[in-house]
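This report walks through one protein model for a reader who has not seen it before. Please keep the sequence and the structure at hand while reading.

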Amino acid sequence: MPVRKVTYRLYPSRTQSVALSAALRLHQQLYNAALEQRIDAYRRRGVSLTYADQCHDLTALRQECPEFATLNCSSQQVTLRRLDKAFKAFFERVKTKGAAAGFPRFKSLARFPGFGFKSHGDGWRFTPGVEWRHGKLRLQGVGTIKARGQARQGGLIKASELLHRDGAWHLSLTLECPDITRSSGTEAVAFDWGTETFATLAVGEEDAPTMETVENPRWYRHEQQRITDLQQAVSRKRQGSNRRRKAARRLAKARARTARRRLDWQHKLSSDLVKRFALIAMEQLSVAAMTRSAAGTVDAPGKRVAQKAGLNREILDTAPSQFLSLVRYKVQETGTARLIEAPTRRLKPSQTCPCCGTVRKKALSERVHRCDVCGTTLPRDFASAWVVLRYAHGVLKANGSERPDAE
Ligand SMILES: [Zn+2]
């Protein structure tokens, strides 16, 4: 059964935060104590302690130090297992790197990532909301914590980790997912990446597709503006000053949040697409090529540098490559849907007339496709998507490899 990890953001109350931090500190102390015990045993007796040895000693530790007994026992075993893994990885590195392999280190509280739990119900229980949107985490000794997020697909809850990052708590669940995304659609769709919109779609038959647009989410512009403002705030502050550090932290937080929201949004959009369509076609993407130095070189200075730089920024912002990889793996999961990646350079979707195939260069500013040969007039992005759709149908008819004439 495929195993998947999903992350929810946790919203503990003030008292719950205190309890979580206390648990984190005890796990960190346990980790460091167990590391010291291993080093000690080796120095004094030449003995390498195992995970099983340390689990055995944990029982004694819980009896001697009552504060350690307040934690869930199997959760403490997860921490011991983490140390064990660090040692195993170290011994692996020794084989290849010799003396240069870094020895497992004591961890400060700031660098201690969190703690985990094993069997569901043993000290913790997660109750997902409707369709795995949001939920509640009940934690031994802490209470019921609100969780926000959404699993793309539910499953059997196997294990969890509570991760502490940048002052926020996250719950990472390990799920066993029995089923996979099913595609019930029969239609075809082709994509053109937008600049003002996220994408323009050509849906349906190759001779008469319909146009749909996918707008950027509503929060998108707002978040971009906020990031720009915060960037300016950072650069206004004196280098090395406390204020600058604080501003930089706010900026990093805002960026992380935008990235998280974008990923959530792209997950949902790609799932919807894969459910709806049997055939999805896109241009082969090379963001590197799309964003390569608009400024050009000294010998060949770029034209329309500012406009291209703007376009590049938008392309990076909407992150088509991330989206494409989401679509790619979801399509694979269905086992029935197909993804066709059209060779951009050979096909030239943005310069080709979808009706008669005439190729004519368009400037970036031309938002309408007007064909001098057959008289077709269409929105530029839709015309491009249609060209890709035709290509996809052609590949389907050729009924063989994905790209019969790839570059
Ligand atoms: Zn034409």
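## Ala159 and its surroundings

Not counting residues up to four places away in sequence, Ala159 touches Phe117, Lys118, Trp124, Ser172, Leu173 and Thr174; contact means heavy atoms within 4.5 Å. Ala159 is placed in strand S6. Helices (H or I, at least four residues) and strands (E, at least two) are DSSP runs, numbered from the N terminus. With a relative accessibility of 22%, Ala159 counts as partly exposed. On this scale buried means under 20% relative accessible area, exposed means over 50%, and partly exposed lies in between (1.4 Å probe, protein chains only). The C-alpha atom of Ala159 is separated by 9.6 Å from that of Gly121, 38 residues apart along the chain.

## Basis of the model

The model is predicted: local features need pLDDT of at least 70, side-chain atom pairs count only at pLDDT 80 or more, and totals for chains, interfaces and linings use all residues. Residues are numbered from 1 along each chain as its sequence is written, and side-chain values use heavy atoms, with hydrogens and water left out.

## The chain as a whole

The protein chain has 10 helices and 14 strands. Of its 407 residues, 42% count as buried. Among the contacts in the protein chain with a separation of 6 or more, 63% are between residues 24 or more positions apart.

## The seven-stranded sheet

Which strands make up the open sheet, and in what order? The sheet has 7 strands in the order S2-S6-S7-S1-S5-S4-S3, and the pairing is antiparallel. Two strands pair if DSSP finds at least two bridges between them. Strand S2 (114–117) and strand S3 (124–128) are the edge strands, each pairing on one side only. From one strand to the next, the twist averages 25°. Axes here are lines fitted to C-alpha atoms, for helices over the stretch in contact, and angles run from 0 to 180 degrees between N-to-C directions.

Strand S6 (residues 156–165) pairs with strand S7 (residues 168–176) in the antiparallel sense over 9 bridges. Ala159 stands opposite Thr174 in S7, and Leu162 has Leu171 of S7 as its bridge partner. S6 and S7 form a hairpin with 2 residues between them, and Asp166 in the turn has a positive phi of about 45°. S2 and S6 also run antiparallel and are joined by 4 bridges; Glu161 in S6 is the bridge partner of Gly116.

## Helices across the sheet

Helix H1 (residues 14–45) lies across strand S1 (3–11), S2, strand S4 (133–139), strand S5 (143–150), S6 and S7, and runs at about 90° to S2. Helix H3 (residues 73–97) lies across S2 and S6, running at about 120° to S2.

## Ser270 in helix H5

Is Ser270 buried or exposed? Ser270 is buried, its relative accessible area being 0%. This residue lies in helix H5 (residues 242–276). Leaving aside neighbours within four places in sequence, Ser270 is in contact with Phe323, Leu326, Val327 and Lys330. Its side chain makes a polar contact with the side chain of Lys330 (2.9 Å). A polar contact is a pair of N or O atoms within 3.5 Å; within protein, one must be able to donate a hydrogen and the other to accept it, and residues adjacent in sequence count only if both atoms are side-chain atoms.

## The zinc site

Which atoms coordinate the zinc ion? The SG atoms of Cys353, Cys356, Cys371 and Cys374 do, at 2.2 to 2.3 Å. Donors are N, O and S atoms within 2.8 Å of the metal (3.2 Å for Na, K and Ca); water is not among the atoms, so sites may look incomplete. The 4 donor atoms subtend angles of 105 to 114° around the zinc ion, so the arrangement is tetrahedral. Four donors count as tetrahedral if all angles lie between 85 and 135 degrees.

In sequence the donor residues are spaced C-x2-C-x14-C-x2-C. Cys356 lies in the loop between helix H9 (344–347) and strand S13 (368–370), and Cys374 in the loop between S13 and strand S14 (377–379), so the pair ties together parts that are 18 residues apart in sequence. Cys356 is partly exposed, with a relative accessible area of 36%, and Cys374 is partly exposed at 36% relative accessibility.

## Ala383 in helix H10

Ala383 has its place in helix H10 (residues 380–398) and, at 1% relative accessibility, counts as buried. The C-alpha atoms of Ala383 and Cys353 are separated by 7.0 Å, with the two residues 30 apart along the chain. Leaving aside neighbours within four places in sequence, Ala383 is in contact with Pro354, His369 and Leu378.

Terms used:
Four donors count as tetrahedral if all angles lie between 85 and 135 degrees; four count as square planar and six as octahedral if opposite donors are over 155 degrees apart and all others between 65 and 115; anything else is irregular.
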